Amino acid sequence: MNLYKLTEKVFKYSFGKPINTEAVLTKGEKVKEEPLRYFNIDSTEGMSFNYKMTKDQIVWGLGENLRGMNKRGGIYESFCSDDPRHTPDKKSLYSAHNFLVVDGEETFGVFIDYPGKVVFDVGFSEENSLVIAIEEKDVDVYIITGEKPLEIVREFLNIIGESYAPPKWAFGYQQSRWSYPNEEAVREVGDKFIENSIPCDAIYLDIDYMERFKDFTIDETAFPHFKTFTKEMKDKGFRLIPIIDAGVKIEKDYDVYEEGLEKNYFCSDAEGKPFVAAVWPGRCHFPDFLNPQVRTWFGLKYKVLTDLGIEGFWNDMNEPALFYTDRGLKDAINLAKASENRNLDIYSFFKLNDTFNNMTNSLEDYKSFYHNINGEKINHYKVHNLYGYNMTRAAGEGLSLIDSNKRFLLFSRASYIGMHRYGGIWTGDNHSWWEHLLLNIKMMPSLNMCGFLYVGADTGGFGGNVNHELITRWTQFSIFTPLFRNHAAMGTRKQEPYSFEESTINLLRSAIELRYALIPYIYSEYMKSLKNKDMYFKPLSFEYPDDFSKRVENQLLLGDSLMITPVYEENSLGRYVYLPEDMVLWKVKNYQERTYEIVKAGHHYIDVDLNEVPIFIRTDKAFVLGKHSKNVESLNNEELNVIAFVENEATYVCYDDDGATKDYKVGKHEEIIIHIKKFKDDEFTIEIESKGNTKVKTLNFEIINTDGRVHSKTLSIKP
Ligand code: MIG
């Protein structure tokens, strides 16, 4: 074992010869060995790290995962999986985020940097045992010390590097469906948004835009004038976002296939031939994204689409999903043949059934192919969780080569820690179930803990049919998530906001308008989280020290100033909320109408009608609110409202930048620093300082006093 000290608070224990995943950027210096802190190691088989928890320690983290914010009571397997039924018994979703924070009498963070399968038994097998197990002995274990969970998270965010920033338009509402199959269908979606006056920034192209599912091709029957069409849609205010899949179709004369073959860029099988498995296009090869040359090659292919005016992508099927291999299919067919004309006993029948079902994403297949890492042949199973990460890294690096200073929209389905530097993630194939709305809420802070800021779920649910109430409540939550996209699967009911009854359309429009009005705040909080290595969504207890805050799993802190309490239960016209301190409640029906109510610290039941979005403003905090428009680019925020709840004094830093380039990385941005101070019972002083060339000219203050009265004042910002 080698021990490295990365910062005063972060230590890396390097066992054996770990694969460099490039999740962590800080190298650190070698120091004298010491036994691993906190954990006992058992290395009889592979390695397992054991920690005895006290009854009330909480375990936060594990990123994209099932169950609660507090992971106790569950068993989780980091093994990127394409499984479209996220039921509570499942152990893996699409990503592998091996970072957690133990919080209680002893508080620390641990990151298991191991790219194969990692099992986290968080008090499942034994109530008070945290057991983390891997199958090998080569692993980097990072221990992060600190007093409080948030401090530990920020140390972690510091060593894994700055998050990806999408363009500002990607904070607008986005509409997707599998699929809008042709120009007419896409045009119609755009027109419906315009007709119904519902703001929208992007429309998605799922797999059917491609010619027989071949990456970087376009089906010319369905989209005969792709470039002019992209422009037509952009002129109307919509960007088109095509999907890219991981598998490359085996087809003579298809350039991606031919070049990959010639250059030896695909993963290989045991005999050294390109590995074959079927996905959407039928038989495919899989680019070896773990090889930097392959990444550059594949990444530059995105130019085919950027040249046609495309400015954003979503990378799918990159766990990688494998529908079947020739081996799996052959085994199944042989078994079927052997079963023919037999009176199958029930076990044989189940076996036959399972053999067909288990053809997809089979472990045997994942163990049967190889990567070439620096000339060494490495079995895929050992590095499985790096595949999606490196596909999206390929895209991110490629897009930087294509246009070095432009921000593209990019997000992925599979990921590993480190991928947050290149793109965001969506949480995959959820269902139109109320349970998945709650899961969505719980997952957001854990993703932020792992560096992923640009995140969101398929609003309304991907699988199954949504009803008017669920689409409304879900949309009312998603207006707060950085990635705000409604997406639905083939065969499900239409899920675009305009596809519902008039009354629902009105509710969805109001919620989406609120989102656009909140963009000055949402964008400011997003970019500050990114720059300051902070979380955008936090569990209550990351800010409030009281014991009850630790139990709250269905409310979130959003940025510095707000708390949100979404309604996630059917037929409920309200919910219980817990307030760690006095707050102001604004139930938003229409963001232009504002009435505020002071709610005292403690437990309350609040009524929340289907047409209301509850927003709480914390004590001595302020936020900004603009106006909506048809899309982000047409927002006019020369005039902003500053809404504050002031007991003593409140400061808000309103960040903005060009939203289009990477100039923010070299410090180019604008800031308005607003400081409000109460000096008598009923009077406030306001100071404004502005840095950079802010476009904001006027600030309309609504300062809510502890007696509930609102003090209004308008100030202009001097250039
Ligand atoms: O096997 O491209 O998660 O969002 O619509 C399904 C079709 C493949 C899975 C993605 C989903 C997408 C769908 N894809």
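Student: How many bridges join strand E43 to E44?

Tutor: Let's take the general idea before the case. Strands of a sheet pair through backbone hydrogen bonds, either parallel or antiparallel. In this predicted model, E43 (residues 698-705) and E44 run antiparallel, with seven bridges joining them.

Student: Which strands form the open sheet, and in what order?

Tutor: The order is E38-E39-E43-E44, four strands with mixed pairing. Strands E38 (621-625) and E44 (710-716) each have a single partner strand, so they stand at the edges with one side left without a neighbour in the sheet. Ignoring direction, neighbouring strands here are turned by 20 degrees against each other on average.

Student: Which helix packs on the sheet?

Tutor: Helix H14 (residues 502-532) does, touching E38 and strand E39 (639-646). The direction of H14 makes about 130 degrees with that of E38.

Student: What does UniProt list for residues 165-524?

Tutor: An unreviewed UniProt entry lists "domain: Glycoside hydrolase family 31 TIM barrel" for that stretch. In the model, residues 165-524 are 41% helix and 15% strand, and their end C-alpha atoms lie 12 Å apart.

Student: Now a hairpin: how many residues lie between E22 and E23?

Tutor: Two, and Asn-374 in the turn has a positive phi of about 50 degrees. Strand E22 (residues 369-373) pairs with strand E23 (residues 376-379) in the antiparallel sense over four bridges.

Technical notes. Residues numbered from 1 in each chain as written. Predicted model: local features only at pLDDT ≥ 70, side-chain atom pairs only at ≥ 80, totals over all residues. Heavy atoms only, no water. Pairing = 2+ DSSP bridges. Axes fitted to C-alpha atoms, helices over the stretch in contact; angles between N-to-C directions. Contact = heavy atoms within 4.5 Å. UniProt positions renumbered as here; feature names shortened; annotations may be inferred.
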